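These are my notebook entries on one structure. I went through it feature by feature and wrote down what I looked up.

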Amino acid sequence: THFDTLLNFADFLSGVRNLDDRAEQLYLTGLEYHPDSVKLLGHYATFLINKKKDPVAAGRLYQRAAEVQSHN
């Protein structure tokens with residue numbers, strides 16, 4: 001449940017192993033435990049743009065990250 005571990009492993013699975021479905025599961029698990037992690041939101045948004053080709057969903061995550069950041 002440690003978000004850095006989940007984040008790093010998800011990045012590895014997607015970037016090195018091309019296991020995008022598994023990587024996405026880890027991003028989502030990380031966000032379940034750490035919904036206000038700006039770092040995790042940003043990495044998942046980047047994944048959505050680069051791997052899933054979903055800029056709309058990515059934009060929502062970037063917006064959420066910006067809102068979380070502004071409250072901190």
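Is E24 buried or exposed, at 18% relative accessibility? I found that E24 counts as buried at that value; buried means under 20% relative accessible area, exposed means over 50%, and partly exposed is in between (1.4 Å probe, protein chains only).

Entry on the model. I am working with a predicted model, in which local features need pLDDT of at least 70 and side-chain atom pairs count only at pLDDT 80 or more, while totals for chains, interfaces and linings use all residues. I number residues from 1 along each chain as its sequence is written, and side-chain values use heavy atoms, with hydrogens and water left out.

Entry on the fold. I looked up the secondary structure and got four helices and zero strands; helices (H or I, at least four residues) and strands (E, at least two) are DSSP runs, numbered from the N terminus. Read from the N terminus, the order of elements is α-α-α-α. The radius of gyration is 11 Å, close to the 11 Å that the globule rule gives for 72 residues, so the protein is as compact as a globular protein of that length. That radius is taken over C-alpha atoms, and the globule rule is 2.2 Å times the number of residues to the power 0.38. I noted that the C-alpha trace spans about 35 × 25 × 15 Å along its principal axes. Of the 72 residues, 35% are buried.

Entry on salt bridges. I take a salt bridge as a side-chain nitrogen of Lys or Arg within 4 Å of a carboxyl oxygen of Asp or Glu. The count by this rule is four. One of them joins D4 and K39, at 3.1 Å from N to O. This pair links distant parts of the chain, since D4 is in helix α1 and K39 is in helix α3 (residues 38-50), 35 residues apart. D4 is partly exposed at 25% relative accessibility, and K39 is partly exposed at 43%.

I then looked up D20 and K51, whose side chains meet in a salt bridge of 3.8 Å, N to O. D20 lies in helix α2 (residues 20-33) and K51 in the loop between α3 and α4, so the pair ties together parts that are 31 residues apart in sequence. D20 is buried at 18%, whereas K51 is partly exposed at 31%.

Back to E24: its partner is K52, with the closest N and O atoms 3.4 Å apart. K52 lies in the loop between α3 and α4 and E24 in helix α2, so this pair ties together parts that are 28 residues apart in sequence. K52 is partly exposed, at 33%. I also noted a network of salt bridges that links D21, E24 and K52.

Entry on aromatic rings. I searched the whole structure and found four aromatic pairs. One of them is F9 with F12, which is stacked, at 6.0 Å centre to centre and 20° between the planes. Rings of Phe, Tyr and Trp (its six-membered ring) pair if their centres lie within 6.5 Å; planes under 30 degrees apart count as stacked, over 60 as edge-to-face and the rest as tilted. F9 and F12 both lie in helix α1 (residues 3-15), three residues apart, about one turn of the helix. F9 is partly exposed at 40%, and F12 is partly exposed at 33%. Elsewhere I noted that ring pairs link Y27, Y44 and F47 into a cluster.

Entry on the chain end. N72 lies in the segment after α4 (55-71), and is exposed at 71% relative accessible area.
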